[in-house]
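Here is a protein model to work through by question and answer. Keep the coordinates open while you read.

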Amino acid sequence: MTRPKTVLVCAAQAPFITGGAEILVEELRANLERHGFRADVAAVPFKWYPVSELVRQALAWRLLDLTESNGTPVDLVIPTKFPSFLVRHPRKVAWLFHQHREAYDLFGTPYCSLRDTPEDRQVRDAIQVMDTSALSECRTIYTISRNVASRLRSYNGLSGEALYPPPHHLGRYRADAYGDYLFYAGRLDRLKRLDLAIDAMARVKSGARLKIAGAGPLEGELRKQIEGLGVADRVELLGFVSADDLVALYAGARAAYYAPLNEDYGYVTVEAFLSRKPVVTTSDAGGVLEFVTDGQTGLVSEARAEAIAEAIDRLWSWPEARLREMGEGGRSRVAGISWDHVIERLTESIR
């Protein structure tokens, strides 16, 4: 009897933190098994501070032997994000969620912990050299979006092919009414720029409301901002919500709000489109713009509170028929995203 092919998904896991990347790793493992592979996750705890620790973390992956386990050969490894792609293996196919962005597009911005000092620049340069070398070893590099592939090409001179991941609750999304609120779901951190949305809600002239689902380090600051701007009657922090509530909130929203800075991919866009809802975003939102076209599947404004408020008021002035048309257009854009396609491409080399 032929043994099933074995696949290890390589993941860098910060203890006690669960986000989109962690969910995606587990779903990748489960779907590999569903397609007949023997799959598991090789996870190494990740610590990104102090800055000097980043190189040590990368070298830890370089020292691992994942060619076999308990006498069984490992046929394929799939590294996902920094520094997991430094692992050595004769058959390595990357599905790049993102690199360590602070060494790339976020360097020199307020979102970066690396400083413009000789020591930190040395760490940044070391990360870029290690990334280029390790990713060059891959048989194929897939990325979760064209935006991630573009960064890879720009900074590392390597080509990657976009392979979009399906959202967590694929098959459950639906459209109900086009209600009186915008909806955001995800981690509450600075790169998601929810402060822009809250600032915009203080400027809208329509009856728009904003519901925010999720938890994260920025929750306290966002609550203070809501109270300070006097918009507690229009902006609601829901905290963590169940899967059923998440689907229902998308289903009843007028539209979704998603305007992160140069996002890698962004589940919110895909979830909203599967719920037949347009998306309000900004012109610097990165991967979101691979799906959202201004006036067709959503609204794209400048990344200023005044411009976002104007976009929201435009959305509230449109009849439901226009919203439904945009929502259907969005659904068509993401209809082809499936796990079958993802697994087929990632495992081509061992079939």
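The buried residues of helix 8 are Val268, Thr269, Val270, Glu271, Ala272, Phe273 and Leu274. The model is predicted.

Q: How many of the eight residues of helix 8 are buried?
A: Helix 8 spans residues 267-274. It is largely enclosed by the rest of the structure, because the number of its eight residues that are buried is seven.

Q: Which elements are included in what covers the buried residues of helix 8?
A: The cover includes both strands and helices. Among the helices are helix 7 (243-252) and helix 10 (320-334). The strands include strand 9 (181-185), strand 12 (255-257) and strand 13 (279-282).

Q: Which residue just after helix 8 takes a positive phi?
A: The phi in question is about 60°. The residue that takes it is arginine 276.

**Rings and charges**

Q: Is tyrosine 265 buried or exposed?
A: Its relative accessibility is 3%. Buried means under 20%. Tyrosine 265 therefore counts as buried.

Q: Which residue has its charged end over the ring of tryptophan 318?
A: The charged end sits 3.9 Å from the ring centre. It belongs to arginine 322.

Q: Which residue lies over the face of tyrosine 181?
A: The distance to the ring centre is 4.4 Å. The residue over this face is lysine 211.

**Helix 1 against helix 11**

Q: At what angle do helix 1 and helix 11 pack?
A: Helix 1 covers residues 20-34 and helix 11 covers residues 339-346. Their axes are 10 Å apart.

Q: How many residues of the contact of helix 1 with helix 11 are nonpolar?
A: Helix 1 brings Leu24, Glu27, Leu28, Asn31, Leu32 and Arg34. Helix 11 meets them with Trp339, Asp340, Ile343 and Leu346. One residue of the contact is polar and three are charged, while the nonpolar ones number six.

**Aspartate 195**

Q: Which residues does aspartate 195 touch, not counting residues up to four places away in sequence?
A: Aspartate 195 is in helix 5 (residues 194-201). At 38% relative accessibility, it counts as partly exposed. The residues it touches are Leu222 and Gln225.

Technical notes: Residues numbered from 1 in each chain as written. Predicted model: local features only at pLDDT ≥ 70, side-chain atom pairs only at ≥ 80, totals over all residues. Heavy atoms only, no water. Buried < 20%, exposed > 50% of the residue type's maximum accessible area, 1.4 Å probe, protein only. Lys NZ or Arg CZ within 6 Å of the ring centre and 35° of its normal. Axes fitted to C-alpha atoms, helices over the stretch in contact; angles between N-to-C directions. Helix = DSSP H or I, 4+ residues; strand = E, 2+ residues; numbered from the N terminus. Contact = heavy atoms within 4.5 Å. Nonpolar A, V, L, I, M, F, W, Y, C, P; charged D, E, K, R; others polar.
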